[in-house]
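Here is a short briefing for a first look at this structure. Start with the view below, then read the points by topic.

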Amino acid sequence: MKIFGAKSARADAEAAPPPRNAPRHVVLRVRGGALQFGDRRLWHDLDFDVRSGEFIAVLGANGSGKSSLLKVILGQQHLSAGTMTFEGSPVTRGNRRIGYIPQQKLADEGAPLRGRDLVALGVDGHRFGFPLPRAARRREVDELLASVGASEYANVAVSTLSGGEQQRLRVGQSLAGNPRLLLCDEPLLSLDLAHQRAVSELIDTHRRQRDLGVLFVTHDINPILDMVDRVLYLAGGSFRIGTPDEVLRSEVLSELYGSPVDVIRTRGRVIVVGVPDAGHGHDGHHHHDDDPGGNGPIGSTAQGGGPRS
Amino acid sequence: MNGIDWSDLWSQIFNFSDYGDLIVLLQNSIIAGAVLGIVGGLIGVFVMSRDMAFAVHGISELSFAGASAGLLFGVGVVEGSLIGSIVAALIIGFLGAKSRDRNSIIAVLMPFGLGLGILCLALYPGRSANKFGLLTGQIVAVDDPRLNSLIAISIVVVVGLLVVWRPLTFASVDADVAAARGVSVQTLSIVFMLLLGLAVAVSVQVVGSLLVLSILVTPAAAALRVSSSPIVVPLLSMLFAVLSLVGGIMLALGGSVPISPYVTTISFAIYVICRIIAASRARRGISGRKAVA
């Protein structure tokens, strides 16, 4: 398997290490944010900042408005109340400085699309006209492919690639245009453990290299537990934000959910037991019906202990 | 009871006497075929990547209804088929954003359109050859004004496609990320349906509504079997469509059979050959993957 190849390690070495203790500037700022669909209130009084180079996991039950939060940041959805600024100005639609990685969906066979073409869409897919081959564009795409270790299958039809390979390409695509903020919406869903690890490490490597803010929506924090700086937990219309140790505790989540919840830490994994059903089904846009039932949105015993490095 | 006279049958299907004269006589049809091949091959790539083959069939039945109504009420076949296919394309575009909804809307519209078309034809007092032609194609009917309108509409479709090519590709293959990057996915979808409506309307006039799929879907599907390059596929698709149409017209010239069986047979043969090429590549393990040094 080429997944843990030398590529990402080499990319690591090449990168100039960002000044880790320099004052980090705020990429995204949310103040008093609220989102409501009709009489259903997803969250309110949301206050948080994402700083450059910061990796924040967004957790919460189905229907807690995690994906909707990303839609607001992308300008596809408006806040019901409060403000949201990106690099100091209100969020707008189609901002090129925000990268987006959706969940893996097996690409359809009906499209003429190779690995490099998927990445190229990130470079200039929004522009009008016919994409005539240009050397500068090709070079940019080649660099992005190399930076995510996907050069090997640059010319292979996307529909024939594995889920992990497709997600690598998606990371490359999202990095086009040199974004300041990366939004990941369940990018590990339906990947096996090895690929989950590889893809999240790739995202982690690039946020360090490029000093990127990352908001990572997931129902299972375990693959990224040792990478995240903070956790934003949405539940019961409210939220908690802090380090995983501050937020992922029985008393904190019990208070948030308003019912007893147990957080169990075992062998470096976090498992949340007893999360009440969100009750209103899914959050309007995404249907995460593959969340293993019974256990909470954070971890699940069903997935067993993954290999830890 | 006489059986089929095979030599007579053969000369009905293939007859190349006075071929030179016929070519001159039917040069309009040949030009029409070539233009149509370019349009069909090009838009077929998006029909495939947007999974719209069934929509093409649905639009072509409504286009047939429009053309028949145009014939009956004296509005004109071209005008009628244009109106029919644009109305159908917009209905499908607005109501069928999800592929599930889309399929059921098409399945509802299609028989209605076909029925309406048959009603109009049944009431039309004119020659029956014209009636049949709307369904299975009419090669001899391309006069100068018709050729001009066909070329004009085709230019609109090709230029329109080239302008929206890149964002339309993005929206077709990767709608979520395209929307996140600020591409107006909905607007593009409606623009595409309009262009598709126009392309179907011009195709119906030459190959007939039942066989539009053979130029709007088969060539692109064949091209996708042998390549996944976003540049090679449209080029091959256009080549296949032009070959099918022009080849079909040339073969049909002398025979007394409608043009469509020739076109559909060539188009189908190309598809089969492409599948065989793809299968043999897969057997030899050619995937395009390369080892990284």
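**Briefing: helices, strands and the chain contact**

In chain A, α3(A) passes α5(A) in a right-handed crossing. A crossing is right-handed if the near helix is turned clockwise from the far one by less than a right angle, and left-handed if anticlockwise. Helices (H or I, at least four residues) and strands (E, at least two) are DSSP runs, numbered from the N terminus.

This is a predicted model, in which local features need pLDDT of at least 70 and side-chain atom pairs count only at pLDDT 80 or more, while totals for chains, interfaces and linings use all residues. Residues are numbered from 1 along each chain as its sequence is written, and chains are lettered from A and ligands numbered from 1 in the order in which they are written.

**The helix pair in chain A**

- The axes of α3(A) (residues 115–124) and α5(A) (residues 163–175) come within 7 Å and cross at roughly 30°.
- Axes are lines fitted to C-alpha atoms, for helices over the stretch in contact, and angles run from 0 to 180 degrees between N-to-C directions.
- The two helices, α3(A) and α5(A), are therefore roughly parallel to each other (angles under 35 degrees count as such).
- From α3(A), the contact uses A:G115, A:L118, A:V119, A:L121 and A:G122. From α5(A), it uses A:L169, A:G172, A:Q173 and A:S174.
- Residues are in contact if their C-beta atoms, placed from the backbone, lie within 7 Å.
- Four residues of this helix contact are nonpolar, five are polar and none is charged.
- Ala, Val, Leu, Ile, Met, Phe, Trp, Tyr, Cys and Pro count as nonpolar, Asp, Glu, Lys and Arg as charged, and the others, Gly among them, as polar.

**Chain A overall**

- Chain A has eight helices and twelve strands.
- It has 309 residues, and 47% of them count as buried (20 or more other C-beta atoms within 10 Å of the residue's own, all placed from the backbone).

**Strands of chain A**

- β1(A) (residues 26–37) and β4(A) (residues 81–86) run antiparallel, joined by five bridges. Strands pair if DSSP finds at least two bridges between them.
- A:V30 stands opposite A:M84 in β4(A).
- β4(A) also pairs with β5(A) (residues 89–90), in the antiparallel sense over two bridges.
- Here A:F86 faces A:S89 in β5(A).
- β4(A) and β5(A) form a hairpin with two residues between them. In its turn, A:E87 has a positive phi of about 50°.

**Where the chains meet**

- Chain B gives 34 residues to the contact, and chain A gives 32 residues.
- On the chain B side, α8(B) gives the most, with ten residues.
- That side has 18 nonpolar, nine polar and seven charged residues.

Definitions and conventions: Contact = placed C-beta atoms within 7 Å. Parallel < 35°, antiparallel > 145°, perpendicular 65-115°, else oblique. Buried ≥ 20, exposed ≤ 12 C-beta atoms within 10 Å, placed from the backbone.
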